[in-house]
Amino acid sequence: MKRKIIEIDEEKCTGCGLCIPGCAEGALAIVDGKAKIVRDMFCDGLGACLGHCPEGALRIIEREAEEFDEEAALEHVRKTRNMEDAPAKPAGCPSAAILRMAPAPLAAAPGETGSSLSHWPIKIRLVPPHAPFLDNADLIIAGDCCPAASPDFHSRFLDGRVLMLGCPKFDNAEEYVERLAQIFAQARIRSITVLEMEVPCCSGMSRIVARALDRSGKDIPCTRRILGRDGRSVEEKMPLSVLPGLVSPGLAHFHGGKM
């Protein structure tokens with residue numbers, strides 16, 4: 001029969017495995033480093049796994065496939081997973097595994113420095129909207145170069161915040177907008193700090209966040225910070241004219257300030 005079913009773009013798939021916990025029917029598995037459909041009859045075609053893929057490798061298509069068999073899918077799940085355990089860890093790249101960590105004390109032993117990092121992953125493309133560390137979080141969305149420019153990045157910017165890193169110049173801006181919009185819409189984000197380098201190419205991050213806020217329809221207080229190449233932080237307000245004609249609840253909350 002012809003019906004809706006998931007299709008996986010193997011060129012985009014990195015084998016991170018984040019889609020697997022999102023499939024309640026157990027239709028997906030990592031095989032030879034790529035996500036595969038175990039059997040067509042296990043896939044209901046509803047696409048619950050789509051939002052968990054950081055690479056956009058999943059989509060819904062219509063093709064000839066076995067009819068979805070819910071009873072067979074649940075039996076498959078019972079055989080392959082212990083339903084009382086926590087969701088299975090991704091079977092692919094460990095860099096995408098979701099972790100919550102206890103930050104190390106910033107007042108560490110002499111000659112050592114502490115860490116305020118409380119979670120993993122930290123790259124925008126790898127953070128799924130359902131990540132537990134996003135719940136009720138104060139986000140700091142920073143350019144990749146910011147931690148290198150600021151020797152006291154952890155104590156000055158990161159303490160008490162959930163970090164997401166990206167590069168608006170070399171990465172796909174539209175993918176960032178889509179991923180952040182999903183996060184803003186699904187997670188309970190309390191506040192957003194956008195931390196950019198003073199170089200022009202990094203200014204795209206605030207525009208990306210503004211577009212994502214508008215797309216999500218959420219009203220989240222946002223602050224934009226500009227970090228000098230010498231490690232200084234300077235004040236700069238985000239002009240509402242960044243996106244001409246755009247009226248967004250999130251944009252109305254953008255403001256500047258020093259850190």
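**Charged side chains and salt bridges in the predicted model**

Asp 138 is buried, with a relative accessibility of 18% (buried means under 20% relative accessible area, exposed over 50%, and partly exposed in between, with a 1.4 Å probe and protein chains only). The structure is a predicted model, in which local features need pLDDT of at least 70, side-chain atom pairs count only at pLDDT 80 or more, and totals for chains, interfaces and linings use all residues. Residues are numbered from 1 along each chain as its sequence is written, and side-chain values use heavy atoms, with hydrogens and water left out.

A search of the whole structure returned 16 salt bridges (a side-chain nitrogen of Lys or Arg within 4 Å of a carboxyl oxygen of Asp or Glu). One of them joins Glu 175 to Arg 125, with an N to O distance of 3.7 Å. Glu 175 belongs to helix H4 (residues 173-186) and Arg 125 to the loop between strand S6 (119-120) and strand S7 (137-143), so this pair ties together parts that are 50 residues apart in sequence. Helices (H or I, at least four residues) and strands (E, at least two) are DSSP runs, numbered from the N terminus. Glu 175 is partly exposed at 31%, and Arg 125 is partly exposed at 31%.

Asp 138 pairs with Arg 190 in a salt bridge, the closest N and O atoms being 2.6 Å apart. Because Asp 138 lies in strand S7 and Arg 190 in strand S9 (residues 189-197), the pair ties together parts that are 52 residues apart in sequence. Arg 190 is partly exposed, with a relative accessible area of 46%.

A salt bridge also connects Glu 178 and Arg 215 (3.0 Å, N to O). This pair links distant parts of the chain, with Glu 178 in helix H4 and Arg 215 in helix H5 (residues 204-216), 37 residues apart. The relative accessibility of Glu 178 is 34%, which counts as partly exposed, and Arg 215 is partly exposed at 42%. Through salt bridges that share partners, Glu 174, Glu 178, Arg 211 and Arg 215 form one network.

On the surface, Glu 67, Asp 69, Glu 70 and Glu 71 gather in a patch of negative charge (patches are made of residues with over 30% relative accessible area and no salt bridge, like charges being joined within 9 Å). Glu 67 sits in the loop between strand S4 (58-64) and helix H1 (70-80), and is exposed, with a relative accessible area of 57%.

Note on methods. Patches are made of residues with over 30% relative accessible area and no salt bridge: like charges are joined within 9 Å, nonpolar side chains (Val, Leu, Ile, Met, Phe, Trp, Tyr) within 5 Å. Accessible areas come from the Shrake-Rupley method with a 1.4 Å probe; for residues, only the protein chains shown count as cover. Lys and Arg count as positive and Asp and Glu as negative; His and the chain ends are not counted. The place of a charge is taken as NZ of Lys, CZ of Arg, CG of Asp or CD of Glu.
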